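The tour moves from the whole chain to single residues.

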Amino acid sequence: MKVLKLSAQGLPQSWISLEQAVIHYAAEEVRWEMGLEVAVFHGGHNAVTGKQSIITVSSIIGTKGVPNINPFELKPGLTNGKLFARDRNICAYCGEPFDEPELTREHIIPFAQNGVDNWMNVVTACRPCNHRKSHRTPEQAHMPLLYTPYVPSLWEDFILRNRRILADQMEFLMAHVPKSSRLAA
Ligand SMILES: [Zn+2]
């Protein structure tokens, strides 16, 4: 499981490991916490008080410091895993659901016709459909798209890149995902 690290202002920064979260706690960089307690770490004993230090990690933490990303300039990176998650493992041409190994990144306007490799020109397709469409546009191939591509928002990108999101983390992220998103459907 991962901890959702936010800026002090509440913008998503990264998914971090429990160990990385502990380092933020130990450095007193955690400004606030949300969500459930996900782990407790026991540290050394204080030489003066004899008390043992305990760090309790929450599933969502806001950390101090200047964010290293500007979410309004950010374009989420394109990976097959995130693309298939955006399209819910459904082939854009035959409409059938597939397991990830059966799926491909399909370029709507093919490279051969100067298509580009970005979120707006790619959809998820099964191998037979991708093969059948070949180096043609959907119009040329008479294979209309069953859904349209879109660029995921920052919050949606955080959902797409983690397959094991805790319920409270999902609730936080989904609150910022537009209704037009396929994830909100
Ligand atoms: Zn298909």
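What share of the 185 residues in the chain is buried? Buried residues make up 23%. Buried is defined as 20 or more other C-beta atoms within 10 Å of a residue's own, exposed as 12 or fewer, and partly exposed as in between, with C-beta atoms placed from the backbone.

This is a predicted model, in which local features need pLDDT of at least 70, side-chain atom pairs count only at pLDDT 80 or more, and totals for chains, interfaces and linings use all residues. Residues are numbered from 1 along each chain as its sequence is written.

**Whole chain.** Show the C-alpha trace. Along its principal axes it spans about 75 × 30 × 30 Å. Now colour by secondary structure: there are six helices and six strands. Helices (H or I, at least four residues) and strands (E, at least two) are DSSP runs, numbered from the N terminus.

**Domains.** Select 1–71 plus 163–185 for domain 1, then 80–141 for domain 2. These bounds come from an automatic or database domain assignment. The two centres, taken over C-alpha atoms, are separated by 35 Å.

**Strands.** Select strand 4 (residues 52–63) with strand 1 (residues 3–7); they pair in the parallel sense over four bridges. Strands count as paired if DSSP finds at least two bridges between them. Find leucine 6: its bridge partner in strand 4 is glycine 62. Strand 3 and strand 4 form a hairpin with six residues between them. Stop in the turn at glycine 50, where phi is positive, about 75°.

**Alanine 21.** Go to helix 1 (residues 18–26), which holds alanine 21. Why is alanine 21 classed as buried? Because 24 other C-beta atoms lie within 10 Å. Not counting residues up to four places away in sequence, alanine 21 touches Val3, Ile16, Val57 and Ile61. Contact means C-beta atoms, placed from the backbone, within 7 Å.

**Cores.** Select Val3, Ile60, Ile61 and Leu173. Of the 14 residues in the largest nonpolar core, these touch the most other members. A nonpolar core is a set of buried Ala, Val, Leu, Ile, Met, Phe, Trp, Tyr and Cys residues joined through C-beta atoms within 7 Å. Strand 1, strand 4, helix 5 (154–160) and helix 6 (167–174) each supply at least two residues of this core. Finish at a second, separate core of eleven residues, including Cys91, Ala92, Leu103 and Cys126.

Notes. Two residues are in contact if their C-beta atoms, placed from the backbone, lie within 7 Å.
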